[in-house]
Amino acid sequence: MDSPWKKWFPTLMVFAIFLSPLLLISPKTYITLTISGLAMGMLLFLVASGFSLIFGLLSVLNLAHGALFTWGAYIGFTSFGLINQWTGWGGSESIFLNITIFLLALLTAGLLVALLGVITERLVIRPVYGSHLFQIFITVGAMIVLEELVRIVWGPNDEVMPVPISFMGSYDLFDVVVSKYPLIAIAMGLIIYFVILMILRKTKLGTIVRAGVENPEMVQVMGHNIYRYFTGVFAVGSALAAIGGGMWATFVKSIHPAMGGEVIIFALIVAIIGGLGSITGSVVGALLVGLSYNYVAYLVPKAALGITMLLLVVILSIRPTGLFSEGT
Amino acid sequence: MAEVEPVDEPILKVERIHSLIGKHHVLQGVSFQVDPGKVTVLLGRNGAGKSTTLRTIMGLLSPSQGTIRFKEQAIHHMKPYEISRLGIGFVPEDRGIFNLLTVEENFRVAMHQENGKTRERMETVFHIFPDLKKFWKATAGNLSGGQKQMLAIARPLVNRNELLLIDEPSKGLAPIIIDHLIDSINKLKEFTVVILVEQNFYMASSLGSDFYLFDDGRTVHHGQMEELVQNEELKKKYLGISG
Ligand SMILES: Nc1ncnc2c1ncn2[C@@H]1O[C@H](COP(=O)(O)OP(=O)(O)OP(=O)(O)O)[C@@H](O)[C@H]1O
Ligand SMILES: [Mg+2]
């Protein structure tokens, strides 16, 4: 476990995957691909980290997580539209107003979906704590119901996701085309990662959550109502899925009711590669998946999904519990 | 029996409790009481039900019959976190260390609140367990067995606890460490009443004032520790100790 090779394995892995395409791709294209890979990674991180945290602390496999992502995208879509109707901030020339409306839409999505997540936990998941098999059945059921509800509320068709004016277009840096929104997505992802990490590492709340991942019974015996923390983690995990949904929709500029089901597969792979219950693992896993997907999609488009699976298989055969351990 | 002693109310009174683990009827009538200012030792063979009794007091199992009173208040229907906040600390058999957390963080989780009083109590803890100050920033999982046990016993002391349940602190420790542990528990019993489950008779008899003998999920005998030390027959019958 403690040999230097094992310790540095995740870092080496990232660098190997990060640099190897330079052998095949021109540096300019490489930079463009890397930026969109990092952006995709950061968006996947948002979905995967919520899933992973919920599994790490509660030992709950919540396959309805993808539907919460979809709800986040739709609520983000609707609230952006409404706020824009009142204020026109989305079409304003001011970057500040663009960012404000974007964040307000994400905040609305995060809060409402946190509530939806908590309701799902109370109604659907409480009765099946402790049994992964039942959790799989019942949360797949919940996923279908939540997805159908999206169809009922918003209709079955694709919608165009509005994007604030200044998020569109690209910069031209020394002849390299760099789209703006991916940079915003990377920055947002990093900020959220550091905020979660600081909460987990530095606050008493985070310390109790990490202790609970390791020994929930002992946390109870020390005077903390672990179920309240469970609910809190569920709310935060759901909010992260929603923010991921809203940001993903802005990335691909469209939403549709089945979008969560497609992304949750990637999120699952990311969470497993990174190590379930590890927030740092989610970031590293997401970046690995995002980058390798983008490089391969450029070189051999048909192999893009395959490379993700290959990554999963290789990493699990070396480290069966993923790159990082729970609570890191 | 006790004409001259002041009659203090027992701090804990356990009456005829029964507990089930799954379908196993593990406790079948456990009764005992713990008086203030004493170390009460629970003894008995492997599987006699000592740990299950402590877990039942902490609310980790709820008794199917019987009552548990802490300072007159019935606690047998309460949740573990409520029982903890009443002022009962617990050191489980497996020590319950958070291995991925630092020593400092282990204490932080244990604290019911953080204020001046807590810092004062922390000084007392360092006084009794000086090693812990040395390893304050270390990951708890890297401590030695003895140090982990010290940490496990020290953690609840950061709260204003009135009762501390300790399950087999000597388990897996070398004799010299056990002596060290006996010293520490002797010091901390100034601050809290202790219930000690202990197989190591040397430790049990050095620390205990009252004892209860467990057999097959029942309390079958009790008295003062000195009596048991003398009573070869009881020791042989219930503890398998001879000589
Ligand atoms: N999870 C469980 N499932 C079924 N039976 C159990 C379980 N835990 C304990 N028991 C049974 O309950 C009885 C009492 O166990 P307990 O751990 O309280 O004994 P103990 O007196 O603490 O023993 P030891 O000295 O070995 O720690 C034993 O017969 C044990 O087999
Ligand atoms: Mg035991």
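User: How many residues does the contact take from chain B and from chain A?

Analyst: Happy to walk through it, bearing in mind that this is a predicted model. Chain B gives 23 residues to the contact, and chain A gives 20 residues.

User: And how should I read the area that chain B and chain A bury between them?

Analyst: The size of an interface is often given as the accessible area lost when the parts come together. Here chain B and chain A bury about 2,000 Å² between them, with 57% of that on carbon and sulfur atoms. On the chain B side, B:Tyr81, B:Phe98 and B:Val109 lose the most area to chain A, and together they make up 31% of what that side buries.

User: What is the count of salt bridges between chain B and chain A?

Analyst: The count is 3 salt bridges. One that you can find in the viewer joins the side chains of B:Glu105 and A:Arg210, at 2.9 Å from N to O. Polar contacts are a separate tally: 14 residue pairs are in polar contact across the interface of chain B and chain A, both residues being at pLDDT 80 or more.

User: Which helices of chain B each supply at least two residues of the side that touches chain A?

Analyst: They are helix H2 (80–87) and helix H3 (103–110) of chain B. Sorted by class, the side of chain B that touches chain A has 13 nonpolar, 4 polar and 6 charged residues.

User: Now the sheet. What is the order of the strands in the open sheet of chain B?

Analyst: Reading across its 6 strands, the order is S6-S7-S8-S3-S9-S10, and the pairing is mixed. Strand S6 (88–91) and strand S10 (218–224) of chain B stand at the edges with a single partner strand each, so one side of each has no neighbour in the sheet. From one strand to the next, the twist averages 15 degrees.

User: In which sense do S6(B) and S7(B) pair?

Analyst: S6(B) and strand S7 (residues 163–167) of chain B run in the parallel sense, over 4 bridges. To get your bearings, look for B:Ile88, which stands opposite B:Leu163 in S7(B). H2(B) packs on the sheet here, touching S6 and S7 of chain B, and its direction makes about 115 degrees with that of S6(B).

User: What about S1(B) and S2(B): parallel or antiparallel?

Analyst: Strand S1 (residues 12–21) and strand S2 (residues 24–34) of chain B are antiparallel, over 8 bridges. B:Ile17 stands opposite B:Val30 in S2(B). The hairpin of these strands has 2 residues between them, and B:Gly22 takes a positive phi near 60 degrees. S1(B) also pairs with strand S4 (residues 65–70) of chain B in the antiparallel sense, over 5 bridges, and there B:His18 has B:Gln65 as its bridge partner.

Key
Residues are numbered from 1 along each chain as its sequence is written. Chains are lettered from A and ligands numbered from 1 in the order in which they are written. This is a predicted model: local features need pLDDT of at least 70, side-chain atom pairs count only at pLDDT 80 or more; totals for chains, interfaces and linings use all residues. Side-chain values use heavy atoms; hydrogens and water are left out. Contact means heavy atoms within 4.5 Å. Buried area is the accessible area (1.4 Å probe) that two parts lose on being put together, summed over both. A salt bridge is a side-chain nitrogen of Lys or Arg within 4 Å of a carboxyl oxygen of Asp or Glu. A polar contact is a pair of N or O atoms within 3.5 Å; within protein, one must be able to donate a hydrogen and the other to accept it, and residues adjacent in sequence count only if both atoms are side-chain atoms. Ala, Val, Leu, Ile, Met, Phe, Trp, Tyr, Cys and Pro count as nonpolar, Asp, Glu, Lys and Arg as charged, and the others, Gly among them, as polar. Two strands pair if DSSP finds at least two bridges between them. Axes are lines fitted to C-alpha atoms, for helices over the stretch in contact, and angles run from 0 to 180 degrees between N-to-C directions.
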